[in-house]
Amino acid sequence: MTAITRNLPWFVKDLGVSIVGEKCYTSIVENLDLADIECLKYSLSKGLGLGIVVGGSIMKVPQLLLIVSARSARGLSLTAYVLETLAYAITLAYSYRNEFPFSTYGENLFLTIQNVVITLLIVHYNPPASLAARPSLQRTILSLQVVIAFAVALFVLPTPTLALFQLATLPLSLFSKLPQIRQNYRAQSTGQLSAFAVISQVGGCLARLFTTATEVGDPIVSAGFALALALNVILGVQMWLYWGKDGRDVLEDGPIGVSDEKKQQHWPPAAHKVEVIVPPASPGRASPRPGNRRWSRKVD
């Protein structure tokens, strides 16, 4: 078997070396040394990392299609997506500035872009009360200006300050999921939330815990993935509990979460029946008196 693995085409060898390095390629592929635990873990981490990057490039596409096809972002929290996008963008900038391998953070690039698009769709279809009075084009332009300003800020911030921002992704991850969890609970429905996206995020967080520990060893990044895993599991449980339920939109109180005003129907009270007594004919007329019988008619 080694006679085959040592004579693979040059482009296969170059690709393998670029992914796992010369040492691990020689050990795992050419010599088939499966006892080399260190290289096995490293190769597995690289494979998982690349898989996550590829999966991240399409993870939010089903969510985008759901919103566009329904022409509604019902059930999606604007606050949750804004905070989640911030966390993705900060992790992307922090990892890039620290020169981590792209396979350990590359999905954040695609998830940030997809989340920005979803956020713009939420603002378009279900704008918050503060933006509802503005025209759709004006809302979109204002949102894009905020996105560009934050991207420039991440680019010019010094690395020590960016490290503090990375530490802030822990509460950001927490508060990015709480509005969505709270909204799902109150509506007893997950609305347009994509099951594919939730399940993919659970699997991605599990794999990222392994790849971060193997290749990076940054405790801040690992803590962020661990917290995101726990919150995504809660969302997954809600997807299972509320599957097939189409809950009514509820009004979200306070600044956290996106609210859809609950439509209240006020029914008028039932009309009371009024009885009108018609007096008998005048005694001076020739017609016989009907005695003590009284004629009446009911008017509704």
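# Talking through a predicted helical chain

A: In this predicted model, residues 24 or more positions apart account for 75% of the contacts in the protein chain that have a separation of 6 or more.

Q: How many helices and strands does the protein chain have?

A: The protein chain has 10 helices and two strands, and read from the N terminus its elements run α-α-α-α-α-α-α-α-α-α-β-β.

Q: And what percentage of the residues count as buried?

A: Of the 300 residues in the protein chain, 38% count as buried. The chain exposes about 17900 Å², and carbon and sulfur atoms supply 67% of that area.

Q: Which residues form a nonpolar patch on the surface?

A: The patch is formed by Met1, Ile4, Leu8, Trp10, Phe11, Val12 and Leu32, which together have about 760 Å² of accessible area. Helix H2, covering residues 10–30, gives the largest share of this patch, namely three residues, and phenylalanine 11 is found in helix H2.

Q: New topic: how many disulfides does a search of the whole structure find?

A: The search finds one disulfide, and this bond joins cysteine 24 to cysteine 39, with an S to S distance of 2.3 Å. Cysteine 24 lies in helix H2 and cysteine 39 in helix H3, so the pair ties together parts that are 15 residues apart in sequence.

Q: What is a disulfide, in general?

A: A disulfide is a covalent bond between the sulfur atoms of two cysteines.

Q: Back to this pair, then: are cysteine 24 and cysteine 39 buried or exposed?

A: Cysteine 24 is buried, and cysteine 39 is buried as well.

Q: Is the disulfide of cysteine 24 and cysteine 39 left-handed or right-handed, and why?

A: The disulfide is left-handed, because the torsion about the S-S bond of cysteine 24 and cysteine 39 is about -80 degrees.

Q: What about cysteine 205, buried or exposed?

A: Cysteine 205 is buried, with a relative accessible area of 9%.

Q: OK, salt bridges now. What does the count come to?

A: The count comes to five salt bridges. One of them brings together the side chains of lysine 46 and glutamate 215, at 3.2 Å from N to O. Lysine 46 lies in helix H3 (residues 37–56) and glutamate 215 in helix H9 (residues 195–216), so this pair ties together parts that are 169 residues apart in sequence.

Q: Why does glutamate 215 count as buried?

A: Glutamate 215 counts as buried because its relative accessibility is 18%, and the cut-off for buried is under 20%.

Q: Which residue does lysine 60 form a salt bridge with?

A: Lysine 60 forms a salt bridge with glutamate 84, and the closest N and O atoms of the two are 3.2 Å apart. This pair links distant parts of the chain, with lysine 60 in the loop between H3 and helix H4 (61–70) and glutamate 84 in helix H5 (residues 78–97), 24 residues apart. Both lysine 60 and glutamate 84 are buried, and a network of salt bridges links Lys60, Glu84 and Lys177.

Q: And where lysine 13 and glutamate 30 meet, what is the distance from N to O?

A: The side chains of lysine 13 and glutamate 30 meet in a salt bridge at 3.7 Å, N to O. Lysine 13 is partly exposed, with a relative accessible area of 31%, whereas glutamate 30 counts as buried at 13% relative accessibility.

Q: Leaving aside neighbours within four places in sequence, which residues is leucine 154 in contact with?

A: With those neighbours left aside, leucine 154 is in contact with Ala89, Ile90, Ala93, Arg97 and Leu162. As for phenylalanine 165, which is 11 residues from leucine 154 along the chain, the C-alpha atoms of these two residues are separated by 9.3 Å.

Q: Last topic, phi angles: what is the phi of glutamate 99?

A: Glutamate 99 has a positive phi of about 60 degrees, although it is not a glycine. Most residues other than glycine have a negative phi. Glutamate 99 is found in the loop between H5 and helix H6 (107–125), where this residue is exposed, with a relative accessible area of 71%.

Q: And the phi of glutamine 188?

A: Glutamine 188 also has a positive phi, of about 55 degrees, and is not a glycine. Glutamine 188 lies in the loop between helix H8 (159–187) and H9, and is partly exposed, with a relative accessible area of 36%.

Key. Residues numbered from 1 in each chain as written. Predicted model: local features only at pLDDT ≥ 70, side-chain atom pairs only at ≥ 80, totals over all residues. Heavy atoms only, no water. Patch = residues over 30% accessible without salt bridge, like charges linked within 9 Å, V, L, I, M, F, W, Y side chains within 5 Å. Areas by Shrake-Rupley, 256 points an atom, 1.4 Å probe, with all protein chains shown as cover. Salt bridge = Lys/Arg side-chain N within 4 Å of Asp/Glu carboxyl O. Helix = DSSP H or I, 4+ residues; strand = E, 2+ residues; numbered from the N terminus. Buried < 20%, exposed > 50% of the residue type's maximum accessible area, 1.4 Å probe, protein only. Contact = heavy atoms within 4.5 Å. Disulfide = S-S within 2.5 Å.
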